[in-house]
Protein chains: 4
Amino acid sequence: MNDFVNVGMIGYKFMGKAHSNAYRALPMFLPDVPKPRMTAICGRDEQAVRAAGQQFGWDSVETDWRALIARSDIDLVDINAPSDAHKEIALAAAAAGKHIFCEKPLALNLSDSREMLAAAQQAGVKHMVGFNYRFAPAVRLAKKLIEEGRLGRIYHFRGLFLQDWIMDPDFPLVWRLRKEVAGSGSLGDLGAHTIDLARYLVGEFDEVVGMTETFIKERPMPTEMTGLTAKGSADGPRGEVTVDDAAMFMARFDNGALGTFEATRFANGHRSTNFFEINGSKGSVRFDFERMNELEVYFSDDAEDVQGFRRVLATDAAHDYMHAWWPAGHTIGYEHTVTHEVHELMRAIAEDRQPVPNFSDGVKCQAVLEAVERSAAEKRWVSLREFDS
Amino acid sequence: MNDFVNVGMIGYKFMGKAHSNAYRALPMFLPDVPKPRMTAICGRDEQAVRAAGQQFGWDSVETDWRALIARSDIDLVDINAPSDAHKEIALAAAAAGKHIFCEKPLALNLSDSREMLAAAQQAGVKHMVGFNYRFAPAVRLAKKLIEEGRLGRIYHFRGLFLQDWIMDPDFPLVWRLRKEVAGSGSLGDLGAHTIDLARYLVGEFDEVVGMTETFIKERPMPTEMTGLTAKGSADGPRGEVTVDDAAMFMARFDNGALGTFEATRFANGHRSTNFFEINGSKGSVRFDFERMNELEVYFSDDAEDVQGFRRVLATDAAHDYMHAWWPAGHTIGYEHTVTHEVHELMRAIAEDRQPVPNFSDGVKCQAVLEAVERSAAEKRWVSLREFDS
Amino acid sequence: MNDFVNVGMIGYKFMGKAHSNAYRALPMFLPDVPKPRMTAICGRDEQAVRAAGQQFGWDSVETDWRALIARSDIDLVDINAPSDAHKEIALAAAAAGKHIFCEKPLALNLSDSREMLAAAQQAGVKHMVGFNYRFAPAVRLAKKLIEEGRLGRIYHFRGLFLQDWIMDPDFPLVWRLRKEVAGSGSLGDLGAHTIDLARYLVGEFDEVVGMTETFIKERPMPTEMTGLTAKGSADGPRGEVTVDDAAMFMARFDNGALGTFEATRFANGHRSTNFFEINGSKGSVRFDFERMNELEVYFSDDAEDVQGFRRVLATDAAHDYMHAWWPAGHTIGYEHTVTHEVHELMRAIAEDRQPVPNFSDGVKCQAVLEAVERSAAEKRWVSLREFDS
Amino acid sequence: MNDFVNVGMIGYKFMGKAHSNAYRALPMFLPDVPKPRMTAICGRDEQAVRAAGQQFGWDSVETDWRALIARSDIDLVDINAPSDAHKEIALAAAAAGKHIFCEKPLALNLSDSREMLAAAQQAGVKHMVGFNYRFAPAVRLAKKLIEEGRLGRIYHFRGLFLQDWIMDPDFPLVWRLRKEVAGSGSLGDLGAHTIDLARYLVGEFDEVVGMTETFIKERPMPTEMTGLTAKGSADGPRGEVTVDDAAMFMARFDNGALGTFEATRFANGHRSTNFFEINGSKGSVRFDFERMNELEVYFSDDAEDVQGFRRVLATDAAHDYMHAWWPAGHTIGYEHTVTHEVHELMRAIAEDRQPVPNFSDGVKCQAVLEAVERSAAEKRWVSLREFDS
């Protein structure tokens, strides 16, 4: 086993920053795995990527991702560029025998994501997909309770991912609102996370029925875009919004559980409510990412006079990953989920096994997304069997 | 205008008790309407109804509802017997020219409920249906905010009605679990309330797609039933559960808003979570019946550094009905929603207008229920147009 | 045992209304005790008391409380007139051999309250003091957990009673702000309740140190007072506020526990936050009257991965008094605490024992209030031993 | 202005780790200030400090703090060793002309802390004290609202710092429970933070009255201590606990506001509840560190039908420091408060001004702590004037 993994990262915006932070934090807080070396960062805008590279602490800069992949000192290619670039880069990285860490959604469609999985499998490299919410300690606790049977048979999953950042009709037409770049809107951006959590906690999907909506059909063309923000003139030219503002669907799981899902960017007051609740025959759990250190837990076998949802603050050493951080009661934040995720990736490389979640999870998530889209388009229930390869 | 309304009530269990309490409370707390006279209570079990009549304060007792309706000293017939009895009684009451206050669901199916509405209209009597949750002051506040345009254009409604009282597989096969008596399960019992709140707050339904499930297919036959509780032997004979344990559906409203709905009796830890959230272009509201004195309210035009959901305790005199009760900060409970409901009924009689909600609302709710059932049975979207009469 | 108790009530404002409601509700909801007969209501303003008597359902009216007490058809005298009238009426009622139900605070000072207790004891009548918050089912649950040892040794009590109804400096000088009528301000009005809850749940006080403050020293004289509201002219004459706006104190209990207390009418945003938390060696409980159906409960022997405060909704039949009301999950409100209180009074009369809390509790509470006042005046710790009689 | 500040840090446990993280994070997330160079880390146990130095990323190691201070390549001395070492190190650092960043409490007593302040002032170096909770964005928001007058005149401050980590009577006698090393118990460890927040938000103290208690008088001697945890044998020798388990006090502020304070390690269920509430004439705020991204805010001039505490999620770019981190709705954790604190230190060095809070704040906090201790010992109110130098 090597002590180091040399990373080449493509992308340097929101997720690039979160990944960089994880690579920096790992050796200090979770040093039991190979140390990621921040070898090279890559982006098309040389000035911008050079600034990011310096700020985030990367050793070198590339402006051509093919050059990055070609470098012999790169072990792992980290892809957090916009979604439409994922596939081509991943295929090239696999062909070059590099491990791959790709942000979600894995690709713009199911077919592409399958191609990526096949390529990674054929190349025998490690592959991971960035479903970071699995790595919140409170979510790990939910998983543990379910796996140990402490919630019993699962009857219900209800998941919400609610945001409100594009409710202003004059918010400009950024790339996330264009299908050719983003693949889909709230469904792929937000719903994909909820689908992954449902698969992780409840199991595989059987069939779905969904609907999508674009409330604001046209928006001003952006005149300026910097990172995550953008400006546009309300009086200037407008373009068509080609993704969904909101998506919701119902599902049956293979194990008989029922699920409801909603992803929207039009839920006023919700900055980033990533919520789920699971009801089982012996108990229930409830999670809201805005209070990510907490899991609400109910057990029906508690004494009858003191039954109620417990607010478990998952910051004790008894909870996954928390030994690495601060004393009990001292909370962690969003970025820690990414750090934990990278820890799993490094550990998997060290143990010569696939990390979890990997491209296979990305493909299965994409199949559900595609089933929902087909269902919404054709206004009918769609079985996941339709997508068996 | 008469000072009194003579009431004859059929049924004396949970809802009969709540209605009786309302009739008793009205003259003391909301005396600006005709006083309901508790003239006669009716039930088949003479001993039981006599005991209830004495305990609740009714002046006389009947054991045949036809006799009750025939009495000349009855102005208003209050129907809270099991659902399968609603129609016949209501038709007879209308024929006798009596006003009618009928519990929800109005009938076992849409056709019956239309017949009831037509009969009441033809007879020219007042008719009301018991959707009591409209009368929580916090819900009235939500209505007011929407009507005054303070939430803007409505994008989303999400409603839940979650209970857990039949999760034990050995809980017996009570009448609420038999289709021929109850009509449906969680859908009609719980979902009907949420549908009514959605209609009240958002507007009429356009189309729905739904699914239902019965998790526990067989249950012990009840050996004893007293009011709301029942006993059965786990080792004894079992019968088939013929209603849904859980029902969920999605909807489009006529005004373009999207809705998600879930009603279940299998949500462990939820004794009676009657929840809704509404997101509009200017703000949002959130309600949970377990904290019925509160409405959470968000306005997107609050100063940008202090935006957040407010927890409004709707107990000030500024809120509907609260002048009648206690000083600010002193909460009210479930039964008060029924008292407010009866106040609307008495006021409508005094003002010679139909109360709201009335049988027309009952019919429209029933149409949505039937659309959901058809959708679940046929696994397709169902338009409310299919039920145009 | 008699089937009835004939009640004569003096006072007809906020508390008179709450007591009347309790007398009306008891036979219907908690019929296992003698039925209170609403024989006579008494007040000085004949027109007003006659209106109240009719609205609340009293059989007759008196305008002279001595005449009321003299009536042979009165078994129980209910005193909810302003505090400065309590003593004289109670002494007369005791002398006439009537049972007494007196609102808190029992009297304007400790000496008077002792005189009242002695008179009641000498007369051999039943006596009760109106500490109604003991009768919230969630508070009963806290008591039960402590009595059963489930919280272990008690270390901490922290109690708050926060209101905000006189924060406007132009709110007029109502009688509650004048020492000669009210005895004290927030201390006696609000703090008295918290002291009683602390005594009920933790035990007797050993010593206290306190401070009081009057933030607004002068207020407009009231030009109009109706029930609980009042009007005054900001430009008109002003008078001196002679009671405390806020009072806070610390205490040691006989059993070694420590307590902190705060009562204020200047806590913006708090309509009526009656809060306490108790920490013991095995667990903790937390109560807030604005969510009076809930008790938060923590046990340190829960499994280490699921420790947390549980939100117990005390509406199940397993909780005191709740069998009388509605199904699980259906909440009750403020007035129910008074109804439960009256149930205890009727049961005590039937069982020929003193109700709890009685005048003895009123005296002990008054001793603590007086110790706090002395402490605030003399700026020193004051032992309850100083008040041993 | 230099681009770098060379840091020498003494101590490497909990706070040393938090400080190290801050030095590492600053250049990436808040790069507008001089970059801290992690030049040398110092501790007595060479093996342990060498391991920490490597893990945290320090360039070199010292085992004698005098040697560290003597190094010419050190600009800033960071003191997070146990409290009894603060004074000697700080005096030496000042004498050597080094800037000083010292953890709280500044010293074991007021006299020592004054000596430290004087030395730093005389040497003309920058000095900062580690009251990190000031740097939570939600706390900054509270400060901003008060400074802008949006809460009006302040009436009440109530602060709690509740923990439960030593409730087990067999938890061993660690150094934090010995007065000669720690100075005091919960008062200095937890209460000091609350005092600082009160000074920051409300103003200077006028007088206090307090009490302290040690519930468990003797504990097992520790047989093993590793970082923050320790082991001891319940059957082995025991030693006396010489600090307080709990401390509470009341205060008057110079501006007339009233305060209540409680610090305890015996509040079962509270891992680290650092709570305060402030009530002013125009509004209120409420903060709980376990939900550190939130501030509850109330304004009494909100429309009367929608008044209520708002839950403000202080993660928008409108809130201090949040532009540095993630998109709105993505929370931060405990360590970020320390990173923000170090940012203030670096900025102050760059701007050649004293950082806030500095040793002067440490001294003023220590005066309040000493006043509380004197008050508890002498059972009387103690004016801060008694401590005027």
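Author: One begins with a definition: the radius of gyration is taken over C-alpha atoms, and the globule rule is 2.2 Å times the number of residues to the power 0.38. The model considered here is predicted.

Reader: What radius of gyration does chain A have, and what would a compact globule have with 389 residues?

Author: For 389 residues the rule gives a radius of gyration near 21 Å, and chain A has 21 Å, so chain A agrees with a compact globule. Along the principal axes, the C-alpha atoms of chain A fill a box of roughly 65 × 55 × 40 Å.

Reader: How many helices and strands does chain A comprise, and what share of its residues count as buried?

Author: Chain A comprises 10 helices and 19 strands. Of its 389 residues, 62% count as buried. As for contacts in chain A between residues at least 6 apart in sequence, 70% join residues at least 24 apart.

Reader: How is the packing of two helices to be read?

Author: Two packed helices are described by the angle between their axes and the distance between the axes. In chain D, the axes of helix H4 (residues 86-95) and helix H5 (residues 110-123) come within 8 Å and cross at roughly 10°. Angles under 35 degrees count as roughly parallel, and H4(D) is therefore roughly parallel to H5(D).

Reader: Which residues make the contact of H4(D) with H5(D)?

Author: H4(D) contributes D:Lys87, D:Ala90, D:Leu91, D:Ala94 and D:Ala95, while H5(D) contributes D:Asp112, D:Glu115, D:Met116, D:Ala119, D:Ala120 and D:Ala123. By class, this contact has 8 nonpolar, no polar and 3 charged residues.

Reader: How does one describe the relation between two copies of a chain?

Author: Two copies of a chain are related by a rotation about an axis and a shift along it. Chain C is superposed on chain B by a rotation of 180° with 0.0 Å of shift along its axis, with an RMSD of 0.0 Å. That is the relation of a two-fold axis. In chain C, the C-alpha nearest this axis belongs to C:Gly333, at 2.2 Å from it.

Reader: Which elements of chain C supply the side that touches chain B?

Author: The contact takes 29 residues from chain C and 29 residues from chain B. On the side of chain C, helix H1 (14-29), helix H2 (46-56) and helix H9 (334-351) each supply at least two residues. H1(C) gives the most, with 4 residues. By class, this side of chain C has 13 nonpolar, 11 polar and 5 charged residues. Because 100% of the interface residues of chain C are also interface residues in chain B, the copies meet through the same surface.

Reader: What rotation superposes chain A on chain B, and how many residues does each of these chains give to their contact?

Author: A rotation of 180° with 0.0 Å of shift along its axis superposes chain A on chain B, with an RMSD of 0.0 Å. In chain A, the C-alpha nearest the axis is that of A:Arg380, 2.8 Å from it. The same surface serves both copies, as 100% of the contact residues of chain A recur in chain B. The contact takes 30 residues from chain A and 30 residues from chain B. Among the elements of chain A that each supply at least two residues are strand E7 (154-162), strand E8 (205-213) and strand E14 (258-264). E14(A) gives the most to this side, with 4 residues. The residues of the side of chain A that touches chain B divide into 14 nonpolar, 11 polar and 5 charged.

Conventions. Residues are numbered from 1 along each chain as its sequence is written. Chains are lettered from A and ligands numbered from 1 in the order in which they are written. This is a predicted model: local features need pLDDT of at least 70, side-chain atom pairs count only at pLDDT 80 or more; totals for chains, interfaces and linings use all residues. Two residues are in contact if their C-beta atoms, placed from the backbone, lie within 7 Å. Ala, Val, Leu, Ile, Met, Phe, Trp, Tyr, Cys and Pro count as nonpolar, Asp, Glu, Lys and Arg as charged, and the others, Gly among them, as polar. Axes are lines fitted to C-alpha atoms, for helices over the stretch in contact, and angles run from 0 to 180 degrees between N-to-C directions. Angles under 35 degrees count as roughly parallel, over 145 as roughly antiparallel, 65 to 115 as roughly perpendicular and the rest as oblique. A residue is buried if 20 or more other C-beta atoms lie within 10 Å of its own, exposed if 12 or fewer, and partly exposed in between; C-beta atoms are placed from the backbone. Copies are superposed by least squares on the C-alpha atoms of residues with pLDDT of at least 70 in both.
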